[in-house]
Amino acid sequence: MADFDPVEGAESFDDVAASATAVADLSLTENVPFSGPTDDSTKDVAAKGWSERTPFTYEDYISKEFTEWAGNAKRYEWSDEYGDVGPKNEELENQLFNVENMTQAGLKLDVLNKIEVRTESEERVIPVASWDNAGLHPIMKENISLCLYAAPTAIQMYTIPAMLMDKDLIAISQTGSGKTGAYLIPILSKLMGKAKKLAAPRPNVIGVDFDPKIHGVRAEPLVLVVCPTRELATQIFDDARRLCYRSMLRPCVAYGGVPSRLQREELQKGCDILIGTPGRIIDFMSQGHILSLRHVRFTVIDEADELLHADWEEDFKKIMSGGDATEDDDHRYLMFSATFNKECRQLARNYLGSNHIRIRIGRPGSSHLNVEQQIHYVEDSMKNKALYDLLLSMCPIRTLIFVNSKAQVDYVDDFLYNAGLPSTSIHGDRTQREREDAIRAFKTAKCPIMVATGLSARGLDIANIMHVVNYDLPKSIHGGITEYVHRIGRTARIGNEGLASSFYNEKDQDIAFDLVKILLECNQKVPDFLQDYAPSDNRPVFVDDDTDNENDQNGEEQNGDDQDKKDPWGETSEVNAAESDPSAQQQSPSPPGLGGSNWA
Ligand SMILES: Nc1ncnc2c1ncn2[C@@H]1O[C@H](COP(=O)(O)OP(=O)(O)OP(=O)(O)O)[C@@H](O)[C@H]1O
Ligand SMILES: [Mg+2]
């Protein structure tokens with residue numbers, strides 16, 4: 001399978017989209033439109049250029065103890081002898097900043113940046129236009145350039161100065177727009193200069209046979225990052241490993257499914273940044289000699305609307321109020337997501353300071369124009385054939401296929417494998433070893449097709465996923481349109497283009513209205529079979545997410561007096577600052593790429 005760089009990717013994308021359109025058109029014709037695999041499908045698949053299937057080998061899974069967990073990956077180790085910046089470590093540097101493992105920015109980054117920005121804060125947030133005037137620590141600037149980040153994205157332009165204001169923050173921006181960097185870069189940069197003063201004492205682990213019983217310390221992180229899935233935790237850990245390179249800050253990750261001894265030993269080597277999923281963090285929190293949160297200065301909740309969901313309520317509360325974390329003014333809470341409906345925003349306020357800053361890049365819950373969305377009418381009984389035809393209609397590209405249940409994952413993966421296609425799969429009943437193997441096989445060209453449940457819908461950033469297929473659309477109980485936006489956001493990241501193909505039939509009616517609104521908002525074609533769900537003027541209205549008055553219950557405005565009491569901003573709320581105050585436009589630097597509305 002070819003691994004495209006941004007230019008090749010953009011060139012091949014048009015062909016891919018055209019092939020998919022041809023299949024979509026088929027779905028509109030009657031009389032069994034899909035052909036599906038033939039008896040010779042393995043040959044057909046090979047002729048199309050797909051790589052060979054990799055059989056599952058049970059022996060690998062019953063052999064000796066496995067230690068190559070994603071969470072045990074190498075990080076930069078500091079020695080007390082170093083000055084302010086540690087020396088280079090060529091081998092580690094090549095591993096961390098290997099272009100093949102990183103998503104490179106595509107040619108259409110301005111689509112993500114030319115978008116309406118709304119900030120609400122007591123003081124105006126003045127965006128930074130470039131890394132050079134962002135006031136970053138020199139090591140951070142070097143690491144950013146090793147990451148090949150040419151300029152900050154819109155969300156980064158705003159969160160970097162916002163973090164200097166020492167307030168809590170809710171930040172919302174679209175999928176693949178660089179939110180991880182938007183919190184890691186300013187936080188880590190801020191701590192880099194102070195690491196020697198703030199970081200807890202730690203053992204020297206370079207050239208030493210580390211024995212936790214003799215050398216081990218209690219982990220006392222300065223930063224806690226919480227996210228909902230194990231794969232996302234290890235991915236954020238990878239970003240933190242890159243951005244902490246040559247600094248004293250030491251990242252660790254805690255997530256379930258891996259022997260806790262291995263993660264404990266890493267914590268005992270010292271931990272300044274702890275990233276993890278709620279269960280394992282709470283587990284370590286309950287062992288006070290292993291982990292103390294009393295020095296935490298920043299708690300970041302990534303995919304915050306998911307973690308505010310009722311399913312996570314108990315764990316979430318424990319983490320937000322739990323352990324021995326400081327309640328004092330030095331502790332900042334930050335929440336990030338691409339989707340954050342009004343109900344979630346109201347819940348979030350229970351955990352944030354009354355004067356927190358809100359930043360929204362685009363409408364919360366919106367998708368963006370770099371994803372081409374195609375909806376195919378496919379009856380359940382025809383889905384396998386349609387999937388096969390779709391995959392074989394285009395050149396081999398990394399493809400992520402979503403279904404709604406674990407059993408369905410196994411079923412679709414088996415079907416593809418038997419048809420000769422190089423697929424793998426992942427879901428929550430798999431062992432962690434199997435989950436990490438599946439992700440590894442998908443990231444390398446070994447298995448360029450992966451079948452998954454919604455578990456993989458949020459946050460995953462795998463280079464060159466050019467095609468997302470909703471074999472099943474997410475029904476309301478599977479997260480509905482919010483889940484759809486996250487799923488399709490696994491493609492077309494950071495200015496690249498991607499295709500999202502979804503199979504629709506009568507059973508998906510509960511998502512139809514919301515789906516059509518998203519299609520219209522993104523200037524996508526609404527197929528004939530969905531026309532009944534389109535508003536007569538074809539202009540979608542998003543009642544819930546469009547309003548800025550977050551005290552507004554049930555979509556109705558409250559009257560002025562009450563509102564002022566509840567809303568700390570009152571009349572100082574700053575929405576579309578440049579429009580309400582033309583002088584703001586002159587005072588603000590003009591960030592490149594931010595066009596249109598307010599600050600640009
Ligand atoms: N300034 C930048 N320039 C170029 N690439 C960047 C920049 N910032 C981040 N990236 C890259 O963009 C990709 C997407 O970033 P990230 O995963 O943080 O997106 P996200 O907004 O969190 O998306 P999601 O909502 O899906 O979680 C990553 O590969 C990241 O390394
Ligand atoms: Mg993210």
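## A loop residue with positive phi

N523 is found in the loop between α21 (509–521) and α22 (543–546); helices (H or I, at least four residues) and strands (E, at least two) are DSSP runs numbered from the N terminus. N523 is not a glycine, yet its phi is positive, about 55°. The residue is exposed, with 8 other C-beta atoms within 10 Å. Here a residue is buried if 20 or more other C-beta atoms lie within 10 Å of its own, exposed if 12 or fewer, and partly exposed in between, with C-beta atoms placed from the backbone.

This is a predicted model, in which local features need pLDDT of at least 70 and side-chain atom pairs count only at pLDDT 80 or more, while totals for chains, interfaces and linings use all residues. Residues are numbered from 1 along each chain as its sequence is written, and chains are lettered from A and ligands numbered from 1 in the order in which they are written.

## Overall content

The protein chain has 25 helices and 14 strands. Of its 600 residues, 48% are buried. Among contacts between residues at least 6 apart in sequence, 80% join residues at least 24 apart; two residues are in contact if their C-beta atoms, placed from the backbone, lie within 7 Å.

The shell around ligand 1 holds 20 residues, of which T103, G178, K179, T180 and I494 come nearest. A residue is near a molecule or strand if its C-beta atom, placed from the backbone, lies within 6 Å of it. By class, the shell has 6 nonpolar, 11 polar and 3 charged residues. In this count Ala, Val, Leu, Ile, Met, Phe, Trp, Tyr, Cys and Pro are nonpolar, Asp, Glu, Lys and Arg are charged, and the others, Gly among them, are polar.

Domain 1 (70–361) and domain 2 (371–533) each supply at least three residues to the shell; the domain bounds come from an automatic or database domain assignment. Helix α8 (residues 179–192) gives the most, with 3 residues.

At 1.5 Å a residue, its 14 residues should span 20 Å, and its end C-alpha atoms are 20 Å apart, which agrees. The expected span of a helix is 1.5 Å times one less than its number of residues. α11 is mostly covered, with 14 of its 14 residues buried.

Helix α7 (residues 154–164) has 9 of its 11 residues buried, so it too is largely enclosed by the rest of the structure. The buried residues are A154, I155, Q156, M157, Y158, T159, I160, A162 and M163. They pack against α5 (109–113), β1 (117–120), β2 (169–172), α8 and β8 (357–361). After α7 comes D166, whose phi is positive, near 55°.

## The largest nonpolar core

In soluble globular proteins, nonpolar side chains tend to be buried together. The largest nonpolar core in this model has 152 residues, and L188, I275, I401 and M450 touch the most other members. A nonpolar core is a set of buried Ala, Val, Leu, Ile, Met, Phe, Trp, Tyr and Cys residues joined through C-beta atoms within 7 Å. α8 provides the largest share of this core, 8 residues. Domain 1 (70–361) and domain 2 (371–533) both give residues to the core, so it lies between them.

Not counting residues up to four places away in sequence, I275 touches V225, A233, I236, F237, A240, P251 and V253.

## Other individual residues

E303 lies in the loop between β6 (298–302) and α14 (304–307). E303 is not a glycine but has a positive phi of about 55°, and it is buried, with 24 other C-beta atoms within 10 Å.

W78 lies in the loop between α3 (58–62) and α4 (90–96) and counts as buried, with 23 C-beta neighbours inside 10 Å. Leaving aside neighbours within four places in sequence, W78 is in contact with G86, M248 and R250. The C-alpha atoms of W78 and R246 are separated by 7.7 Å, although the two residues are 168 apart along the chain.

D14 lies in helix α1 (residues 6–26) and is exposed, with 11 other C-beta atoms within 10 Å.
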